[in-house]
Amino acid sequence: MGPVLSLDARFYTDPLIYKKELRGVLSQTWQFAGHVSQLDTTGDYFTFSIAGENLFCVRTSENQIKGFYNVCQHRGHELVKGSGNAAVLVCPYHAWTYELNGQLRSGPNIKSVPGFDVSTVCLTEIKIEEFCGFLFANLDPLAKPMDEWFPSVRRELSSFVPQIAQLKPIEWVEVPEKCNWKVSVENYSECYHCQLNHPTFANGIVNAKTYDIQPQGYCLRHTTECQNLDKMSYPIDVNANEYAGHYSSWFLWPLMSFQVYPGNVLNTYHWRAIDHENVVVWRGWYSVDGSDADMLHSLAVQDRQTTVEEDIHLVESVQRGLNSRGYVPGPLVVDPQCGVKSEHSIQVLQQWMRESVNE
Ligand code: FES
Ligand SMILES: [Fe+2]
């Protein structure tokens with residue numbers, strides 16, 4: 001058995017593959033929708049989109065968080081825009097009015113229609129799960145719960161970030177990349193390129209030699225030892241709790257990753273696929289009640305100027321290369337011992353990518 005080959009270029013360049021993904025993997029997986037702090041009180045809502053579908057989340061009168069397709073069940077107008085608070089949801093087209101739980105309540109003159117039973121009309125619901133304060137949506141009504149997709153991650157994240165339930169987003173950095181979403185996700189999921197391309201990352205906080213990435217269900221778990229904690233650009237108390245001196249990250253297939261820096265500092269990567277050759281990466285930074293805002297802001301700036309900037313050039317060059325007639329998929333460097341100079345994580349990821357379009 002020879003080496004495993006990387007995926008054919010068409011996986012990253014063919015609009016038809018992307019179309020298949022929209023109906024398949026992108027609408028049958030758990031994807032980041034927003035944060036629970038956006039829905040503090042009854043009637044709070046926000047819109048978002050997944051797999052090209054316009055959706056929204058709302059806190060109902062029963063104090064539940066629900067998600068719906070953002071489409072009126074009369075003749076299809078969009079129901080809500082942006083974010084806000086509402087006692088009931090009123091469609092701007094003909095003023096059909098829905099309860100916050102999606103049930104149709106009333107509409108002008110609908111009582112005149114013989115046999116019209118409002119209780120039979122309801123917005124189309126989607127699955128929503130709260131995961132350590134983060135809201136995830138899945139367009140597959142039969143989707144298994146996140147704990148089955150990502151075993152132990154909820155518990156591990158809560159241990160690495162003891163304050164996770166009180167966190168709120170305080171900083172978002174938007175990074176457009178001219179490449180297929182899978183190029184960016186693959187780049188995130190190996191550290192074979194780190195030593196050469198990320199001097200700050202590889203020679204700074206983490207001891208790159210100990211970096212490893214292993215599957216845990218449909219999560220790719222990154223672990224490494226830290227070093228030079230005294231040289232950190234922000235103060236940390238390594239004795240504050242069990243994981244205060246640790247770095248770890250959890251990539252949740254296909255488009256989200258939680259990273260924890262020493263000092264229990266949580267930050268996220270959230271990829272949004274735009275089309276077959278464009279993706280936007282959102283870097284999110286969180287704190288309790290806006291504390292440490294200055295420190296997190298300078299971390300976000302430093303991260304944007306170093307690791308993120310370095311990666312943009314890599315992934316955009318790869319996308320150009322995948323469009324070249326001269327590219328033949330090369331062998332992956334899968335070291336049976338795994339470790340930082342191995343692409344075993346890419347092998348796993350590309351297997352998920354193949355399965356997601358049934359190839
Ligand atoms: S389309 Fe919404 S009320 Fe007519
Ligand atoms: Fe990188």
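Glutamine 214 has arginine 221, a residue of strand 13, standing opposite. This is a predicted model, in which local features need pLDDT of at least 70 and side-chain atom pairs count only at pLDDT 80 or more, while totals for chains, interfaces and linings use all residues. Residues are numbered from 1 along each chain as its sequence is written, and chains are lettered from A and ligands numbered from 1 in the order in which they are written.

Strands (E, at least two residues) and helices (H or I, at least four residues) are DSSP runs, numbered from the N terminus. Two strands pair if DSSP finds at least two bridges between them. Strand 12 (residues 206-216) and strand 13 (residues 219-226) run antiparallel and are joined by 7 bridges. The hairpin of these two strands has 2 residues between them, and glycine 217 takes a positive phi near 65 degrees there.

Next comes the other neighbour of strand 13. Strand 14 (residues 247-252) pairs with strand 13 in the antiparallel sense, over 6 bridges. Here arginine 221 stands opposite tryptophan 250 of strand 14.

These strands belong to an open sheet of 7 strands with antiparallel pairing, in the order 11-17-16-15-14-13-12. Strand 11 (167-177) and strand 12 are the edge strands, each pairing on one side only. From one strand to the next the twist averages 15 degrees; such angles run from 0 to 180 degrees between N-to-C directions, and axes are lines fitted to C-alpha atoms, for helices over the stretch in contact. Within the sheet, strand 15 (residues 256-261) and strand 16 (residues 265-275) form an antiparallel pair over 6 bridges. Valine 260 has leucine 266, in strand 16, as its bridge partner.

Helix 4 (residues 153-160) packs on the sheet and touches strand 12, strand 13, strand 14 and strand 15. The direction of helix 4 makes about 150 degrees with that of strand 14. Helix 8 (residues 293-322) lies across strand 11 and strand 17 (278-288), at about 25 degrees to strand 11.

The chain is divided into domain 1 (31-142) and domain 2 (147-356), with bounds that come from an automatic or database domain assignment. Taken over C-alpha atoms, the domain centres are separated by 33 Å. In domain 1, 7 residues are in contact with 11 residues of domain 2, where contact requires C-beta atoms, placed from the backbone, to lie within 7 Å. On the side of domain 1 that touches domain 2, strand 1 (residues 31-35) gives the largest share, 3 residues.

Notes
Two residues are in contact if their C-beta atoms, placed from the backbone, lie within 7 Å.
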